[in-house]
Amino acid sequence: LAQECQVASPTPRPWRGGKLHPRQPPCEAVPAVMGAAPSAVDVRVTDRKTVIKERCLSRKSYADTLKAALQLQPGQDNCLPFLHHTILPIVVRYLFGTSLIRCFEVCPLWFLASISALDDMCATVDAGFRELCSAGLQLEYARTDWSPVHVANAGIRIDRILIARVTPAFASRCVTASYDYAYSEENQLSDHYKPDKNKETPRYFCTFRFDVLGRGEPRSFWVHKDICRFHGDETRVAATQNITPVCVNDRVEVAVNLFNAKGMVDFSSIAWRAMEAKPLQERQCPIEEELFDWYDLDSFQAQSVERLQIPDFFAPQLAHESTEYAGLDVAVSRTRLRASDQGVVPQADRILGSRFEVLAQNSPIILPLKRVGLQHDRFTKIQLREGDLLTLYISQGGKMT
């Protein structure tokens, strides 16, 4: 099993902009202070882009340069006209996509100026979320993130990441947050394209769903790894529970997609909807619906041609509690792992294709929400607390077709 799982994780490669700081030590966490008063935030944002931004600001004050660009007069130095707040959003919109990411790599000034322009362009997205979702999710921090898309031709996706604190308003409920949007008409422009004024622009719908538990309650979370011979997942990334369990006072990441293979989203078209709440339900991996009789290793090995082993690869952070087996042509193992020791789980990235980290029992954590209907969304770190239960399903075997 360990040999079959030795596939590199498709986590985003380090951003090339890191070359701006060749002599800096490895990235450490920085406080999340944007979008809320520092005293209101008791978690630390550790994404690479925020770290680079904070380091750029600590090296040199670029505020004076940006301020000087707003006060240019005819006949004076005109080397920075692109930094003007009325011009830069136009440039950013024109370059949106891979070209814009390349601009981030030019120098710290371009990086900070472009990031600031993106914040201004996404102000309506942040304000709409704060207005309609504040009852259950209190917005504390917002940033723009980008990551490579692993397809035949290298692509990129850009998201507006909203980090919000879970309030007690919807405790012991299943909460739905959603928005609808439309793509920019610029995606359709070509030599033969003629916009039809009578045709309504198609709109799309995006939904996030999560279960809210009481503060500090232990969570239960399932993960499914498919290494069957006849198909398998090309990304070799384990599928995680679509409806994420969170606790009151935890932070969640809501990713509003701004750019993908289809094109650029019209920022002004993003409209949030009021949150909905339903009673909690038991969450099981869909594979449980097909399997009923579970056996220990010795009993199941006698009736299976697969070479099986107990997947106890994640100690000491994830302590092994039990493993059971079921299935006919495909052997499925169900392993219960308990988060016990703090720290990053070393083997999780190699075997599961995702990064796992165990934090203290009373520590607030940041959890990415997955869009409903997707098996994989963003490749981000998954944080657990001491005492949380992780149920790992591994499917293996099957005949080659």
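User: How do α3 and α5 lie to each other, parallel or perpendicular?
Analyst: This is a predicted model, so take what follows as a reading of that prediction. The axes of helix α3 (residues 88-95) and helix α5 (residues 108-121) come within 9 Å and cross at roughly 90°. An angle of 65 to 115 degrees counts as roughly perpendicular. So the word for α3 and α5 is roughly perpendicular.

User: Which residues of α5 make the contact with α3?
Analyst: On the α3 side you've got Leu88, Pro89, Val92 and Arg93. By class, the contact of α3 with α5 has seven nonpolar, one polar and one charged residues. The α5 side is made up of Ala113, Ser114, Ala117, Leu118 and Met121.

User: In the open sheet of three strands, which are the edge strands?
Analyst: The order across this sheet is β16-β17-β19, and its pairing is mixed. An edge strand here pairs on one side only. That picks out β16 (343-344) and β19 (382-385).

User: Which residue in β17 does Gly343 stand opposite?
Analyst: β16 runs antiparallel to β17 (residues 356-359), and two bridges join them. Across from Gly343, on the β17 side, sits Val358.

User: Which strand gives the most to the lining of the largest cavity?
Analyst: The structure holds two cavities of 30 Å³ or more, and the largest has about 280 Å³ of space. Of the 21 residues lining that largest cavity, the closest to its centre are Thr240, Pro368, Lys370, Arg378 and Ile382. β18 (366-368) and β19 each supply at least two residues of the lining. The one that gives the most, with three residues, is β19.

User: How many charged residues does the lining of the largest cavity have?
Analyst: Sort the lining by class and you get nine nonpolar and eight polar residues. The count for the charged class is four.

User: Which two residues does a cis peptide bond join?
Analyst: Most peptide bonds are trans. Here there's a cis one, with omega about 0°. Look in the loop between α7 (297-301) and β14 (318-326), where Pro316 is found. The pair joined by the cis bond is Ala315 and Pro316.

User: What is the phi of Ser172 near?
Analyst: Ser172 is placed in the loop between β4 (155-166) and β5 (173-181). Most residues other than glycine have a negative phi. Ser172 isn't glycine, but its phi is positive, near 60°.

Notes. Residues are numbered from 1 along each chain as its sequence is written. This is a predicted model: local features need pLDDT of at least 70, side-chain atom pairs count only at pLDDT 80 or more; totals for chains, interfaces and linings use all residues. Side-chain values use heavy atoms; hydrogens and water are left out. Axes are lines fitted to C-alpha atoms, for helices over the stretch in contact, and angles run from 0 to 180 degrees between N-to-C directions. Helices (H or I, at least four residues) and strands (E, at least two) are DSSP runs, numbered from the N terminus. Angles under 35 degrees count as roughly parallel, over 145 as roughly antiparallel, 65 to 115 as roughly perpendicular and the rest as oblique. Contact means heavy atoms within 4.5 Å. Ala, Val, Leu, Ile, Met, Phe, Trp, Tyr, Cys and Pro count as nonpolar, Asp, Glu, Lys and Arg as charged, and the others, Gly among them, as polar. Two strands pair if DSSP finds at least two bridges between them. On a 1 Å grid over the protein atoms alone, a cavity is a set of points where a 1.4 Å probe fits but cannot get out, and a pocket is an open set with protein on both sides within 12 Å along at least five of seven lines; lining residues have an atom within 4 Å of a point. Grid points are joined across faces, edges and corners, and a volume is the space filled by probe spheres set on the points.
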